[in-house]
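Please keep the viewer open as you read.

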Amino acid sequence: MTAESPKRDSYSQKPRRPSVIVLAAIIVLFAGSTALLAGLLVTILQRKQEAKDPYLRFVNVKDNTTDPAEWGKNWPREYEGYLRTVNPSRTKYGGGATSEGMIPPEKAASNPWLTRMFAGYAFAIDYRDRRGHAYMLTDQENTKRTKERKQPGSCLHCHASIMPLYRLTGAELAPKASPDEQLQTGFVAIGKLDYWEASVRLEKSGNHHPISCVDCHDPRTMQLRVTRPGFINGIKALKSHEGISNYDPNRDATRQEMRSYVCGQCHVEYYCGPKATLFFPWNEGLKVEQIESYYDNYKFEDGHRFFDWKHAETGAEVIKAQHPEFEVWSQGTHGKAGVACADCHMPYMREGALKVSDHWVRSPLLNLNRACQQCHHYPEEELKQRVETIQDRHYALLTRAGAAVVDMLDAIKTTKAAGATEGQLKPMLELQRKAQWRLDFVAAENSMGFHAPQELARILGESIDFSRQAQLAAIGTKSAAAIAAPSPSDAQPPAPSVK
Ligand code: HEC
Ligand code: HEC
Ligand code: HEC
Ligand code: HEC
Ligand code: HEC
């Protein structure tokens, strides 16, 4: 029995005064219409919610659910695709391994000039082809770059489902701050740790997974969202440069833009080293010289101009480029036409009445009919041929740019060994920085030219030009140095051979 029952009983009793009946009627009417109205509102809200989240759920996934298997219980088709990213995915230029169990080959095996270009840097000891998303965390843990060199916790930003750890760490360090501030605090703090220390924390927090559903989807609505602080800060800086202040992709981007932004969280150029918090260098734009200009004007805390490492052969302070897929795509025909990463790399497939996005993210060349034929009505063989023609031409030019860098390094090394002064070397080292930055930007991009063929050819042309200018300067300086300070052996004719 509830406390209300006696009251209800008293209503059903015979009323004593008519005014009570009127009052009761008014109350009942009012209560009834309120209930009706409330009911209507609830239904409207439910419908709205259903429109946003049309899914039947078996598991209530949340912001901290990083285990994709949990999400898989609600969305088995997408999960199955995701699991397939363990499969071999080799194409003529793309993918990593040809067979199960094999690790991807070293890039320098087919492009030996890479080892010369990276002299003195961790990329000279181990740098392999990429492969499917399922491997991103183990490949990072197994590379000699983390095993034999010290690396920062920032590396995990793009290789693990790390958001809960950022939030947890931020809450510990700044218990009174807002959730956004805590996230930023956690991002900075984890980034500063040694890689392996951050890795232990990730494991302990129960989030030792590669990219997961929660990194691209809002668990409440399943709509696309971006989570990575590097991207959110980077795109804000880019938009601000374009005159749009306080840009928030999760609020302001279109759905089609989000279909590329989710990938732009990782497939981008970035700085991830010990001297500053991880950032995407987009403050002046996405083109290769805009990024270069931002770096050239960027000063580390110690006041020194930005550089990634000192080249071991020449001493030049050079910049390392990383997989700028997002930047390069944005300069190409498809990017300009609004064709998104997901259109080609996660095309729709039909499963009965359902339209499912293929979560086996991979080379579109393994999936031409769905990836390209939705827009281009040519036979598969012709499409493949078109791509490979672009890639073969691109690869030929890339190889020539690699040869030019090696010739430049040889020439500068010789000049240096012959005693060129710092003042004489300086302009050559500046040219080296420019030549390498361009070549690396193109080589590190993973489409072998396809994402923006003309733009990449333009950049390679510039790289070759800078390499040859440096080479010419070095050759010229060598003789100038020899004239300025003739060595005894130069001054006298060589002694005649007595053999
Ligand atoms: C118009 C279609 C198209 C669009 C749009 C597109 N790509 Fe690609 N992408 C390709 C093709 C074709 C290749 C070359 C694949 C190969 O060589 O096997 C490729 C290659 C890649 C690779 C290397 C794949 C591998 O198997 O090694 C990555 C990574 C990649 N793209 C990421 C992106 C990202 C990120 C975006 C958006 C910023 C994007 N792509 C937009 C068609 C596209
Ligand atoms: C959290 C970071 C992250 C996000 C987000 C991300 N990727 Fe990747 N992607 C990676 C890493 C890391 C690898 C390389 C993994 C390895 O080699 O172990 C990779 C590999 C790939 C490959 C190569 C696959 C193969 O089989 O060779 C393609 C293609 C690709 N990504 C496309 C995309 C597209 C398209 C999106 C957006 C829908 C996307 N990625 C979102 C980090 C990310
Ligand atoms: C901004 C995102 C991002 C950050 C930060 C990042 N990576 Fe990656 N990493 C990627 C993407 C995307 C790929 C796949 C494309 C490729 O291989 O070029 C990748 C590929 C790799 C691979 C496989 C291919 C190779 O290079 O041998 C390794 C290993 C790796 N990263 C290690 C690291 C290490 C170590 C760090 C920290 C110094 C790091 N990553 C930081 C995004 C990132
Ligand atoms: C790299 C980002 C990324 C990750 C990780 C990811 N998705 Fe998606 N997902 C997408 C994109 C892009 C779409 C297309 C959405 C759109 O066009 O609105 C999509 C669409 C979906 C949809 C809507 C129906 C459909 O197939 O188009 C569901 C459901 C879904 N994903 C479930 C998952 C699940 C489950 C996982 C984890 C196993 C996952 N996703 C991981 C990017 C991602
Ligand atoms: C969503 C639609 C769409 C998809 C998917 C798509 N394309 Fe395109 N593609 C375009 C548009 C738009 C253009 C610009 C030319 C035009 O206006 O017809 C274009 C241009 C091209 C060009 C001319 C190249 C250039 O840079 O000018 C090639 C080659 C091409 N596409 C190949 C492909 C291949 C291969 C795939 C699959 C991996 C693909 N496209 C997927 C819409 C698409």
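Helices (H or I, at least four residues) and strands (E, at least two) are taken here as DSSP runs, numbered from the N terminus. Counted that way, the protein chain has 23 helices and six strands. The model is predicted, so local features need pLDDT of at least 70 and side-chain atom pairs count only at pLDDT 80 or more, while totals for chains, interfaces and linings use all residues. Residues are numbered from 1 along each chain as its sequence is written, and chains are lettered from A and ligands numbered from 1 in the order in which they are written.

**Burial and core**

A residue is called buried if 20 or more other C-beta atoms lie within 10 Å of its own, exposed if 12 or fewer, and partly exposed in between, with C-beta atoms placed from the backbone. Of the 499 residues of the protein chain, 35% count as buried. Two residues are in contact if their C-beta atoms, again placed from the backbone, lie within 7 Å. Among contacts in the protein chain with a separation of 6 or more, 66% are between residues 24 or more positions apart.

A nonpolar core is a set of buried Ala, Val, Leu, Ile, Met, Phe, Trp, Tyr and Cys residues joined through C-beta atoms within 7 Å. The largest one has 95 residues, and V405, M408, V442 and A470 have the most contacts inside it. Helix α21 gives the most to this core, with ten residues. Which residues does V442 touch, not counting residues up to four places away in sequence? They are L398, L456, I459 and L460.

**Ligand shells**

A residue belongs to a shell if its C-beta atom, placed from the backbone, lies within 6 Å of the ligand.

Ligand 5 is surrounded by 17 residues, with T333, A337, P364, C372 and C375 the closest. Here the elements giving two or more residues are α17 (333-336), α18 (341-345) and α20, and α20 gives the most, with three residues.

G419, which follows α20, has a positive phi near 95°.

Two strands pair if DSSP finds at least two bridges between them. Strands β5 (residues 348-351) and β6 (residues 354-357) run antiparallel and are joined by four bridges, with Y348 partnering S357 of β6. Two residues lie between the strands of this hairpin, where G352 takes a positive phi near 65°.

**Two positive phi values outside glycine**

N246 has a positive phi near 55° and sits in the loop between α12 (229-241) and α13 (249-252). Is N246 buried or exposed? N246 counts as exposed because it has 9 C-beta neighbours inside 10 Å. M448, with a positive phi near 45°, lies in the loop between α21 (422-444) and α22 (453-484). M448 counts as buried because it has 22 C-beta neighbours inside 10 Å.
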